[in-house]
Amino acid sequence: MRHVIAVLLENESGALSRVAGLFSARGYNIESLTVAPTNDPTLSRITIVTSGTERVIEQIIKQLNKLVEVVRLTDLSEISCIEREIMLVKVRAVESGREEVKRLTDIFRGRILDVTDTSYVIELTGDDQKITAFLDALGPDNLLEVVRSGATGIARGEKALKV
Amino acid sequence: MELSGGEVLIEALKEEGVEYIFGYPGGAVLHIYDALYEQNSVKHILVRHEQGATHAADGYARATGKAGVVLVTSGPGATNAVTGIATAFMDSIPMVIISGQVQSRFIGSDAFQEVDCIGITRPCVKHNFLVDSLESFAETIKKAFHVATTGRPGPVVIDIPKDFTTPGIKVPFDYPKTVEMRSYTPALEGHPGQIRKAVDLILSARRPMIYSGGGVVLGDASEQLTKFSRLLNYPVTNTLMGLGAFPSTDPQFVGMLGMHGTYEANMGMHDCDVLIAIGARFDDRVTGELESFCPHAKIVHVDIDPASISKNVKVDVPIVGNVAQVLGEMIKLIEATDKRADEDDLNDWWAQMRGWQSKECLSYDQSDEVIKPQAVIEAVWRATNGDAYVTSDVGQHQMWVAQYYPFDKPRRWINSGGLGTMGFGLPAALGVQLAFPDETVVCVTGEASIQMCIQELSTCLQYGTPVKIICLNNRYMGMVRQWQEFSYEKRYSHSYMDALPDFVKLTESYGHVGMRIENPADVDKSLQEAFAMKDRLVFMDFVTDQTENVYPMIEAGKGHHEMRLKPSRELA
């Protein structure tokens, strides 16, 4: 099953490689991983999308907690949460296709950031499903370049992952 | 007080009560070695290879419970230390390893003797630190000792660039008394509700087993384990790492379990209805095939590391906490109640256990013509009154010590259980002997393993450590040969040790005493002779039966109830 795990860790050099190294050394799957400092500059926040059986996910969480630089973490999939990913996509846009791509972008509430005679760069935000649906709608033949940030996530309600 | 980086290290080690530092100098640590030269409080032991330094510090740590300390240079110094660091990591041994690094401005430039020590050691340390300023060095050392020795212990590396130890550059020194790390807060006390739940289950058992491991030794909980077990009168089995935590000569002890454990311990595991796992981690050499592991049992598991719980085997009552504390609480609860396991059930269970024991799974054929390796270990036990510190290398001889040298005290049995590192025994014995100069320290080894760190004979001479080396010389990598016999139709591919040195001459050339024993009748006599030489290292080269195998055995893919006994004792 797919899980989204949010991790607060010390914003120190090498901390990210401990997390990444843990996944490769123990054969855990990483679907995506995002990382950036938080408003507290001593902390970074990682969002990892992974998958595995209940037992594997339990181990992933325990092993992450065991890393000395991990301060706190939460499995967002266990609670009601909001998940968002940003995608920048460059598509071929010529002749009648230009209007079609623009219309699709509007339907998906994307934005066109760059225009040339033959292409658009589109920005789209959403969860995994929405982004995949948009790529499917554009069709593989029109895609020139796809950049996905990987998922970030936050719990609904007042409860916060913080120190 | 203003100190240079090298002096900061020495002062910090003094504050930590460090007695010995095991090391080898080189370019990146020359400033530190200069600081070492100026003082006498921390004694430096000059090994002959960095692997030896790590194993010696490891042996010291296992025997004393204190952190072992290592000092190596950058590049090859650090990479040579990696095997010993990984060995300590797998067995959760507290160690602090200080490695020199090239000057900070050269890091990443492929400088002379530069390796990414932090990157290389990351997967086999509890934690590691690259020192980023001289100002932070003292606090980093404090953190390293704190992390290494608390919670589930383990090795911690401090990589220090050479420019932070320059003699002329000094900073005010104030060693922190305590350290707080918001990201590192190991659990110490078990959850009271879980402990109560566990005790209820334990007292309702009909066929209970106590399965305890290295965590009891590391957590100094041997006394509590013994009291707990005696209170209940349940059978006790120990893992390879847990031997000595419960007295092995006690009738309640049913031997080691696992791949080369006793028949009774493994059958007990298979048939038990309540398994009480204490400071053990359900290692694959212990569990055998997981599909058929303890099929009838409800499992209680006490461990300080949450990640050890339900990793390989799903347990019913997990308790995260310090083993001594949790056992202490359990003892209180048991003493406060009259409830006990049903007496008839327990008697039946013990009768069953005695039935399994009557198979005498550890008996072996005696011989007047060729020395049986098992007989040597039993003779060593007699010659040392069962009270020596015994280190070992890895292979058949290691299993024979575990089977034929019953340890009655914790921290006496010192071996590389998790990583299985050949070459561990001799340097580990050096570390133990330094910690306890007046105790008998024995290194049981084989002619293959001993050659992996034999250069430390030189270190033993320099520091006058009178280790007694028992080499079971069967001219084979015995355990490899055994597996080839069982699983590869006796195709002994590269397991024969040809062109062996004359160990007697070799030992003598290192300035020690060498003995070669070929006749079974000479075993006891020569051991007495060797152990009487209190201040000499004696290398005893026992020429043993080449064909002897370690029995009983659970082969790969088999369960506890499918043990292979010695051929003449195979079950009808």
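**Two chains, a few places to look**

Colleague: Where in chain A is the place of Arg109(A)?

Modeller: Arg109(A) sits in the loop between α3 (96–107) and β6 (111–115) of chain A. Keep in mind that this is a predicted model.

Colleague: What is the phi of Arg109(A)?

Modeller: Phi is about 55° at Arg109(A), a positive value although the residue is not a glycine.

Colleague: And is Arg109(A) buried or exposed?

Modeller: Arg109(A) is exposed, as its relative accessible area is 74%.

Colleague: Chain B now. What about phi of Glu489(B)?

Modeller: Glu489(B) is a residue other than glycine with a positive phi, near 45°. Glu489(B) belongs to the loop between α18 (478–487) and α19 (503–509) of chain B. With a relative accessible area of 64%, Glu489(B) is exposed.

Colleague: Which residues does the cis peptide bond join?

Modeller: Tyr551(B) and Pro552(B), with omega about -10°. Pro552(B) is found in the segment after β20 (538–543) of chain B.

Colleague: Back to chain A. How many helices and strands are there?

Modeller: Chain A has 4 helices and 9 strands. Along the sequence they come in the order β-α-β-β-α-β-β-α-β-β-α-β-β.

Colleague: What box do the C-alpha atoms of chain A fill?

Modeller: Roughly 55 × 35 × 30 Å, taken along the principal axes. Of the 163 residues in chain A, 40% are buried. Among contacts in chain A with a separation of 6 or more, 72% are between residues 24 or more positions apart.

Colleague: What is Glu58(A) in contact with, leaving aside its neighbours within four places in sequence?

Modeller: Ile309(B), Ser310(B) and Lys314(B). Glu58(A) itself is in helix α2 (residues 54–66) of chain A.

Colleague: How does Glu58(A) count at 24% relative accessibility?

Modeller: As partly exposed.

Colleague: How far apart in space are Glu58(A) and Arg98(A)?

Modeller: They are 48 Å apart, C-alpha to C-alpha, and 40 residues apart in sequence.

Colleague: Let's do helices in chain B. Which residues of α2 (residues 30–37) are buried?

Modeller: Ile32(B), Tyr33(B), Ala35(B) and Leu36(B) are buried in that helix of chain B. Down the axis of α2(B), the buried residues fall within an arc of 155°, so they line one face of the helix.

Colleague: What do the buried residues of α2(B) pack against?

Modeller: Their partners in chain B are one helix, α1 (5–15), and the strands β2 (20–23), β3 (43–46), β4 (68–72) and β7 (155–161).

Colleague: Next pair. At roughly what angle do the axes of α9 and α12 of chain B cross?

Modeller: In chain B, helix α9 (residues 222–232) and helix α12 (residues 323–335) have axes that cross at roughly 30° and come within 9 Å. Because of that angle, α9(B) is roughly parallel to α12(B).

Colleague: Is the crossing of α9(B) and α12(B) left-handed or right-handed?

Modeller: The crossing of α9(B) and α12(B) is left-handed.

Colleague: Which residues make the contact?

Modeller: From α9(B), they are Gln224(B), Leu225(B), Lys227(B), Phe228(B), Leu231(B) and Leu232(B). From α12(B), they are Ala324(B), Leu327(B), Gly328(B), Met330(B), Ile331(B), Ile334(B) and Glu335(B).

Colleague: What does the contact of α9(B) with α12(B) have by class?

Modeller: The contact of α9(B) with α12(B) has 9 nonpolar, 2 polar and 2 charged residues.

Notes: Residues numbered from 1 in each chain as written. Chains lettered and ligands numbered in written order. Predicted model: local features only at pLDDT ≥ 70, side-chain atom pairs only at ≥ 80, totals over all residues. Heavy atoms only, no water. Buried < 20%, exposed > 50% of the residue type's maximum accessible area, 1.4 Å probe, protein only. Helix = DSSP H or I, 4+ residues; strand = E, 2+ residues; numbered from the N terminus. Arc of directions from axis to C-beta. Contact = heavy atoms within 4.5 Å. Axes fitted to C-alpha atoms, helices over the stretch in contact; angles between N-to-C directions. Parallel < 35°, antiparallel > 145°, perpendicular 65-115°, else oblique. Left-handed = near helix turned anticlockwise from the far one by under 90°. Nonpolar A, V, L, I, M, F, W, Y, C, P; charged D, E, K, R; others polar.
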